[in-house]
Amino acid sequence: MNKRSSWSLPYLIFMIIFVVLPLILVLIYAFQDAQGHFTLENITRFFSDADALSTFALSLEIAILNTLICLLLGYPAAWILANKKYNRSAVTVVLFILPMWINALMRTLATAELFNVFGVTLGKGTLLFGMAYDYLPFMIYPIYNILSRMDPSYAEAAEDLGATPWKVFWKVTVPLSLPGVISGVMMVFMPTVSTFAISEFLTNNKIKLFGTIIQENINSSMWNYGAALALIMLIIIGITTLFSNDRKSVEGGLI
Amino acid sequence: MAASDKIIQIRHLSKTLGNKKVLDDITIDVRRGEFVTFLGPSGCGKTTTLRLIAGFLAPDEGKILFEGKNISDIPPYKRPFNTVFQRYALFPHLDVYDNIAFGLKLQKIPREEINKRVRRVLKMVGMTDYEERDVDSLSGGQQQRVAIARALINQPKVLLLDEPLAALDLKMRKDMQIELKEMHKKLGITFIYVTHDQEEALILSDTVVVMNEGKIQQIGTPTDIYNEPENCFVADFIGESNILNGKMFSDRKVGFIYHDFDCIDEGFGENIPVDVVVRPEDIYIMKNTEGAQFTGVVQSCVFQGVHYKMFVETDTGYELMVQDYNAFEVGTTVGLVIRPEDIQVMHKERTRNTFEGEMVDETHVRFLDGEFECPRQPGLEKGQKVKVEVDFDKVDLYDHQEEGTLSGFVYFMIYKGNHYHITVLTDEGYHIWVDTNDVWDKGDLVGINFSAKHIKITPLQ
């Protein structure tokens with residue numbers, strides 16, 4: 001043990017108190033009944049609860065849709081921002097990233113108010129709009145990052161070997177930017193699958209997401225069932241991170 | 001027919017990048033099957049020329065003809081050229097096989113045919129059985145071979161190579177030079193090569209194009225370039241040389257280092273200032289001072305592997321670099337001889353600084369974006385356009401940029417036996433040439449001034 005390892009102590013304590021302990025608590029609560037006895041009932045209840053299952057499916061659907069929308073809007077935006085032919089100023093990049101600096105809740109409330117002013121009926125459409133608006137920068141930034149640092153000679157080499165600009169894009173630019181895309185997808189998918197605030201404000205609670213159910217259970221002191229649902233969500237998110245880890249190099253990501 | 005012999009014709013090519021003119025009126029022909037090398041220091045425009053040929057850049061002026069047809073507007077993917085990039089630019093997401101097959105797959109060539117050709121080209125670059133390897137797992141030399149294979153498999157009419165060996169270590173570079181030369185011989189493809197390494201250029205090329213500051217300095221065979229440099233830049237850049245101020249008295253008579261020599265050059269006229277180049281191996285050095293053209297004292301002597309490199313101070317105070325297989329002790333007086341055919345006489349590009357200026361009043365003139373005091377010019381009005389001349393040795397240089405009216409940096413310098421001839425590039429982009437005994441280094445920041453009495457003014461009509 002060298003001396004410097006003691007420097008990590010504060011972080012270790014922080015991690016234990018705010019990450020490890022809560023996780024253990026979730027785990028314990030999930031497998032206990034209200035009296036504190038061990039049970040699997042919370043888990044089985046979820047799988048037999050048609051309401052919870054359909055909410056869960058809806059949450060996944062919304063999260064996947066939102067990730068797709070962000071990717072379809074974000075990739076071209078990132079590509080244009082990273083392309084010196086179209087964009088030479090760092091200001092435009094900041095303008096795209098700027099919304100990240102403002103609290104998501106405030107942005108969502110403002111969006112809801114805008115819908116209200118223009119008389120748009122709240123529903124799935126407004127929910128997806130708000131989510132895309134909230135999470136788009138998280139998709140753009142990691143992709144922009146990797147595209148702007150990509151050695152232009154790769155594209156030149158492809159063109160030199162006979163690839164049209166379209167082929168260069170699909171055969172070189174896109175594959176080389178995949179680490180950024182994966183980062184972006186994670187950054188968007190993970191929070192959207194667990195969100196509840198956005199759907200609350202942007203659909204007036206008409207659409208319930210998985211996060212909403214967890215929140216409702218916890219709020220009404222159904223700690224054990226809530227913890228079980230949280231655990232299931234954690235596992236789902238855990239599985240999606242596994243997908244990204246088998247890429248050999250995740251460089252140029254957001255974090 | 002002569003015209004079909006030329007595969008590429010470059011005509012009056014100019015290119016400005018940012019606000020720097022990187023190429024200025026380049027004209028050159030490349031013959032079919034030739035190995036042409038663009039040689040010059042960094043920033044001389046050689047890579048820009050290559051990128052214009054490849055099509056990554058479009059010319060501002062001029063055109064490039066391929067087999068007689070203008071290809072300036074044809075995108076790179078339609079040009080029958082392939083490039084080996086300086087840092088190889090192998091696709092990191094593809095293995096060796098897919099990298100090499102990239103061009104063929106785009107052409108929708110049948111799989112068996114691709115397999116056959118990949119195997120053949122891998123064998124040629126000595127990389128058999130490397131198909132499945134990740135390009136990141138290859139050494140620099142191996143990546144280089146894959147990059148060459150990837151370019152050659154498309155059977156280009158012209159292979160463009162952008163400093164392909166710059167990233168390799170010396171031993172590997174030497175080996176690859178030989179292999180490239182053999183490949184060129186075997187394939188018969190036209191090679192256009194870019195390098196800053198003069199030795200590499202001389203070894204590889206049929207024709208060397210020496211470039212500096214966006215202009216072609218000389219085009220010739222390696223022997224021509226070495227033995228008959230056309231100007232001081234070429235003489236200094238290629239090999240080692242003694243560059244000296246001289247005067248052509250008449251045909252076949254030249255004077256330098258305060259001695260008269262016979263030479264073989266004619267047609268310069270009488271009493272014309274010239275630059276003289278003598279290679280260090282062309283100065284004969286001997287113990288015996290009788291029969292020598294001039295004498296000198298050995299100042300230093302260093303063994304260089306095959307020969308000794310000596311600096312000799314001549315009886316007239318010049319310092320000459322001399323190479324010989326025998327060592328001469330420091331301090332000995334030696335006799336020296338230079339044969340007429342070893343003296344290379346060159347026209348001077350200029351004999352003094354000449355600028356265009358404008359009178360501010362009778363005693364002030366404006367040139368090089370600065371205002372200077374000058375001798376009184378009676379009768380010259382404000383705004384009168386004038387020619388301003390300053391001798392090379394009358395320019396004042398200062399260590400601190402603030403001390404001069406103008407500021408700039410030492411851009412280029414050559415030693416002329418008893419003084420330095422320096423090119424200063426001012427912040428405004430003008431050149432000033434200075435003769436000085438002070439030692440400056442390339443890149444030194446300098447302040448520049450001209451004293452009034454050394455400014456010579458002639459009104460322009």
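Some housekeeping before we go on. This is a predicted model, where local features need pLDDT of at least 70 and side-chain atom pairs count only at pLDDT 80 or more, while totals for chains, interfaces and linings use all residues. Residues are numbered from 1 along each chain as its sequence is written, chains are lettered from A and ligands numbered from 1 in the order in which they are written, and side-chain values use heavy atoms, with hydrogens and water left out.

Back to the interface. Between chain B and chain A the count is two salt bridges, along with five residue pairs in polar contact, both residues at pLDDT 80 or more. A polar contact here is a pair of N or O atoms within 3.5 Å; within protein, one must be able to donate a hydrogen and the other to accept it, and residues adjacent in sequence count only if both atoms are side-chain atoms. On the chain B side, the elements giving two or more residues are β6 (81-84) and α3 (96-106). Helices (H or I, at least four residues) and strands (E, at least two) are DSSP runs, numbered from the N terminus. By class, that side of chain B has eleven nonpolar, five polar and five charged residues. Nonpolar covers Ala, Val, Leu, Ile, Met, Phe, Trp, Tyr, Cys and Pro, charged covers Asp, Glu, Lys and Arg, and the others, Gly among them, are polar.

How much area do the two chains bury between them? About 1,900 Å², with 63% of it on carbon and sulfur atoms. In chain B, the residues losing the most area to chain A are B:Y77, B:H93 and B:L106, together 33% of what that side buries. Buried area is the accessible area (1.4 Å probe) that two parts lose on being put together, summed over both. The contact (heavy atoms within 4.5 Å) takes 21 residues from chain B and 19 from chain A.

Now, a quick look at chain A. This chain has eleven helices and zero strands, and its C-alpha atoms fill a box of roughly 70 × 65 × 30 Å along the principal axes.

Chain B brings us to sheets. Four of its strands form an open antiparallel sheet in the order β2-β1-β4-β5; strands pair if DSSP finds at least two bridges between them. The edge strands are β2 (20-31) and β5 (69-70), each pairing on one side only. Eight bridges join β1 (residues 6-17) to β2, and B:K6 stands opposite B:R31. Helix α2 (residues 46-54) lies across β1, β2 and β4 (61-66), at about 120° to β1. Axes are lines fitted to C-alpha atoms, for helices over the stretch in contact, and angles run from 0 to 180 degrees between N-to-C directions.

Another open sheet in chain B has five strands, β15-β19-β16-β17-β18, with antiparallel pairing. Here β15 (283-286) and β18 (319-324) each have a single partner strand, so one side of each is left without a neighbour in the sheet. Neighbouring strands of this sheet are turned by 45° against each other on average, direction ignored.

One last pairing: β21 (residues 353-361) and β24 (residues 385-390) of chain B run antiparallel, joined by six bridges, with B:F355 opposite B:V388. Thanks, everyone!

Terms used:
A salt bridge is a side-chain nitrogen of Lys or Arg within 4 Å of a carboxyl oxygen of Asp or Glu.
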